[in-house]
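Work through the exercises below with the sequence and the model open side by side. Try each task before reading its solution.

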Amino acid sequence: MKSISNIVDTDYLNELLSQTHRHPPESIHRIIEKARQKKGLTVEEVVCLVNLQDKSLLNKLFEAAALIKQEIYGERLVFFAPLYVSDYCVNDCEYCNFHIRNKTLKRRQLTLDEIAEQTAFLINQGHKRILLELGEDTNHNNIDYVVEAIKKIYSVRTPKGNIRRVNVNIASTTVENYRKLKSAGIGTYQLFQETYHHATYKKLHHGPKENYERQITAHDRAFQGGLDDVGLGVLFGLYDWRFEVLSLVSHSQYLDKTHRVGPHTISVPRICPAPTVTYQPEYPVSDDDFLKLIAILRLAVPYTGMIISTREGPEIRKLAFRIGISQASAGSVTTTGGYGTITSHPQFTIHDNRSLQDVIKDALDNNLIPSFCTACYRSGRTGERFMNLAKPGNIHKLCKPNAILTFAEYLADCTTDGLLEKGRKSIDKYLSEIEDESLQKETRARLERIKAGERDIYF
Ligand code: SAM
Ligand code: SF4
């Protein structure tokens, strides 16, 4: 086992942050210009950006982030929903309502039939991707249960379709267990470090999760178990966001160097209020800093998908989509078995309570194209193969037609009233923007097949 300072050298990052000399505007321009070439940034370059205060340079940073987002991801925005199947948890994370100290929570683990019901609910809203969420408890939520839950989700079919990609967010585990997740056909394995700052990590976590080393080496074990799409994240608010951004960039570079595959996604959750949680974030991140950190990550790790959840409200989500976010949850609940019922006892309180359809309407008004695409992973474009397409920005060519096709399915199967007309107009617009003529022609032909009732057609 390598030393964990190989993964993220926190002493070095602290030293970088402690250097207070100002960087001349020319060097900031040079860094932003390098990032514009989609070459990524070193941590030494990122530190200059996290300390940036000058308004006009900050505008340049946001402009560059928006351009990179546009060049790599275009206007598309991929949607998913979390599915909480069990809130049994043996950990005592200070910020989470599922912490073991919470004796008022009537804990619940869904049966396979209940998982099928929840899945059907999400399919009928139009979802094709689920992020599976569980607390850590090897008695209740052992790996066999997780695998059965995944299989159940994939097996559900309704007249409106089925779930085509299950991403998984479970506690750090063994190589053997990751191998089982791989066999169950998961998409991305996501695990957040929560905070890369050792002392803060120690203070806020009790139970098996208190082991910092176990947490930060989880993605390595996932690779050893055969998974090749992994996601990183930090819970913003626990520690200084500037240190966390440097750490995320370091961790990404480590994965890229060691496994030849950088993170498939980076998530940027900000801490939210939660019932029974009295912990107050010591480093709350303002909206301005939140947008800044998203833009910096977009510049520093240009090939990675960036995820925002309903922890954020509609206004900030709209701004974040423009400067870097490529995936968003919508129509979510954070309660076990909470879809289709009046829910209480969520893991935390969310700030975007709109339905998927309302979020989509808003996305169309903001010139985004909603996507439910799952083509890459089902065509074997994962891990290094995916990175070889994503890094030079070539994935975009296939993503646009796939976004159009999956959005057309959504319109045909799941919309009501006003959205249909609006949606069709935006499909026409994006279709006419596909530059490759034969690809445009083939996409039109496939749209006709969808109109005729065929489903699940992708490039
Ligand atoms: N239990 C597993 C774990 O902790 O890794 C799986 C996922 S947990 C259900 C998902 C994530 O929710 C955690 O990694 C944490 O970052 C986040 N979370 C917990 N409490 C939160 C809160 N109060 N506000 C926002 N996010 C929170
Ligand atoms: Fe359990 Fe995860 Fe909540 Fe921590 S964040 S208490 S591990 S569910």
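The exercises that follow concern a predicted model.

**Exercise 1. Decide how the buried residues of helix α1 are arranged around its axis.**

Step 1. Pick out the buried residues. Helix α1 covers residues 10–18, and Thr10, Leu13, Leu16 and Leu17 are buried in it.

Step 2. Look down the axis. The buried residues of α1 fall within an arc of 115 degrees, so they line one face of the helix.

Step 3. Asp11 and Ser18 are exposed and lie on the face of α1 turned away from the buried side.

Step 4. Find the cover. The buried residues of α1 are covered by elements including α3 (43–50), α8 (198–204), α9 (212–216) and α11 (241–259).

**Exercise 2. Name the buried residues of helix α13 and the elements they pack against.**

Step 1. In α13, residues 314–323, the buried residues are Ile316, Arg317, Ala320, Phe321 and Ile323.

Step 2. These buried residues pack against the helices α4 (55–73), α12 (287–300) and α14 (356–365), and also against the strands β1 (76–86), β9 (305–308) and β10 (327–329).

Step 3. Take one residue from a packing partner. Glutamine 357 is found in helix α14. Its relative accessible area is 15%, so glutamine 357 is buried. Beyond its neighbours within four places in sequence, glutamine 357 is in contact with Tyr410, Cys414, Thr415, Thr416, Asp417 and Leu419.

**Exercise 3. Compare the surroundings of threonine 374 with those of alanine 375.**

Step 1. Locate both residues. Threonine 374 is in the loop between β11 (369–371) and α15, and alanine 375 is in helix α15 (residues 375–378).

Step 2. Judge burial. Threonine 374 has 5% relative accessibility and counts as buried. Alanine 375 is also buried, with a relative accessible area of 1%.

Step 3. List the contacts, leaving out residues up to four places away in sequence. Threonine 374 is in contact with Lys128, Arg129, Arg164 and Arg165. Alanine 375 touches Arg381, Asn402, Tyr458 and Phe459.

**Exercise 4. State where lysine 38 and glutamate 194 lie, and whether each is buried or partly exposed.**

Step 1. Read the backbone angle. Lysine 38 is not a glycine, yet its phi is positive, about 60 degrees. Glutamate 194 also has a positive phi, near 70 degrees.

Step 2. Place the residues. Lysine 38 is in the loop between α2 (25–36) and α3, and glutamate 194 is in the loop between β6 (189–190) and α8.

Step 3. Apply the cut-off. Buried means under 20% relative accessible area. Lysine 38, at 22%, is therefore partly exposed, whereas glutamate 194, at 9%, is buried.

Notes. Residues are numbered from 1 along each chain as its sequence is written. Chains are lettered from A and ligands numbered from 1 in the order in which they are written. This is a predicted model: local features need pLDDT of at least 70, side-chain atom pairs count only at pLDDT 80 or more; totals for chains, interfaces and linings use all residues. Side-chain values use heavy atoms; hydrogens and water are left out. Buried means under 20% relative accessible area, exposed over 50%, partly exposed in between (1.4 Å probe, protein chains only). Helices (H or I, at least four residues) and strands (E, at least two) are DSSP runs, numbered from the N terminus. The arc is that of the directions from the helix axis to the C-beta atoms. Contact means heavy atoms within 4.5 Å.
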